[in-house]
Amino acid sequence: RLSPRRRRCRGPAAEGSSPRDGGSMRCQVSVLYFARSAELAGLRCETLSVPREITSLQLWEEIVKVHPRLAVIRDQVVFAVRQEYVLLGDQLLVLQPGDEVAIIPPISGG
Amino acid sequence: MEENEDVPKDFIKLKSEKLSVDEVSELVVSPYCGAVSLFIGTTRNNFEGKKVIHLEYEAYTSMAETEIKKICRDVRQKWPSVKHIAVHHRLGVVPITEASVIIAVSSPHRAESLEAVMYCINTLKASVPIWKKEIYEDECSWKENKECFWANSEK
């Protein structure tokens with residue numbers, strides 16, 4: 001059972017500057033999971049290395065590679081990138097190291 | 001005597017302790033206002049024939065506060081006479097009949113604060129990253145607001 005309060009972010013053991021690939025540049029982002037997506041992924045927070053320039057749909061697919069169980073909620077979720085909502089689709093994201101990317105299932109506040 | 005113009009303020013709080021109607025209304029009271037309008041969202045004990053034992057709320061706290069601030073900003077644009085706005089939302093376990101959200105708005109006359117409170121709760125349900133899980137006797141279920149601005153109503 002996931003504790004709602006403790007959000008220890010899983011990340012790489014060693015931190016250091018990653019050398020540039022010959023190909024696409026990547027960066028480390030903090031991925032936050034909430035509600036059903038946290039239950040499916042089995043965690044609330046982790047650091048992932050993703051391409052710096054990527055569509056929101058491609059970013060989803062990167063995350064699903066790590067947590068295949070998330071696939072079942074694909075049609076219901078949106079992202080929040082740097083705390084702005086982004087639909088899953090063609091929107092091109094330009095990510096910076098340390099950016100927060102949150103998986104947002106349908107909300108039910110109030 | 002204090003020359004205090006009673007500058008409009010937003011009071012936003014997400015907390016796990018029991019919410020207080022007295023506390024929230026006192027935050028928005030102002031000598032310049034003849035009206036304080038309130039909304040209290042309470043937890044129901046049933047859903048589609050199932051008995052709800054309690055509710056659990058979680059939030060993307062930092063973004064939820066930012067989104068609620070945006071709602072307050074929008075309220076002030078639409079109803080410029082609104083004075084103070086308070087939005088308190090509870091997180092964690094909320095027992096049945098207790099308040100999960102309290103919204104209070106003050107204004108010189110009642111029409112603006114009444115309309116602003118309705119706008120606040122409706123927009124909160126559409127856009128603030130907070131989630132509610134209903135715990136039944138044998139199972140549990142993450143709820144989805146119909147107001148959720150991206151939700152697909154076809155299932």
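Where pLDDT is low, the predicted coordinates should not be read in detail. Chain A as a whole averages a pLDDT of 88, with 81% of the residues scoring at least 70.

This is a predicted model, where local features need pLDDT of at least 70, side-chain atom pairs count only at pLDDT 80 or more, and totals for chains, interfaces and linings use all residues. Residues are numbered from 1 along each chain as its sequence is written, chains are lettered from A and ligands numbered from 1 in the order written, and side-chain values use heavy atoms, leaving out hydrogens and water.

## A strand in chain A

Strands here are DSSP E runs of at least two residues, and helices H or I runs of at least four, numbered from the N terminus. Four of the five residues of S7(A), residues 100-104, are buried, so this strand is largely enclosed by the rest of the structure. Buried means under 20% relative accessible area, exposed over 50%, partly exposed in between (1.4 Å probe, protein chains only).

S7(A) pairs (at least two DSSP bridges) in the parallel sense with S1 (residues 26-33) of chain A over four bridges, and A:Tyr33 sits opposite A:Ile103.

## Around B:Ile103

Over in chain B, B:Ile103 touches B:Phe39, B:Val87 and B:Ile121, among others, leaving aside neighbours within four places in sequence.

Methods: Contact = heavy atoms within 4.5 Å. pLDDT = per-residue confidence, 0-100.
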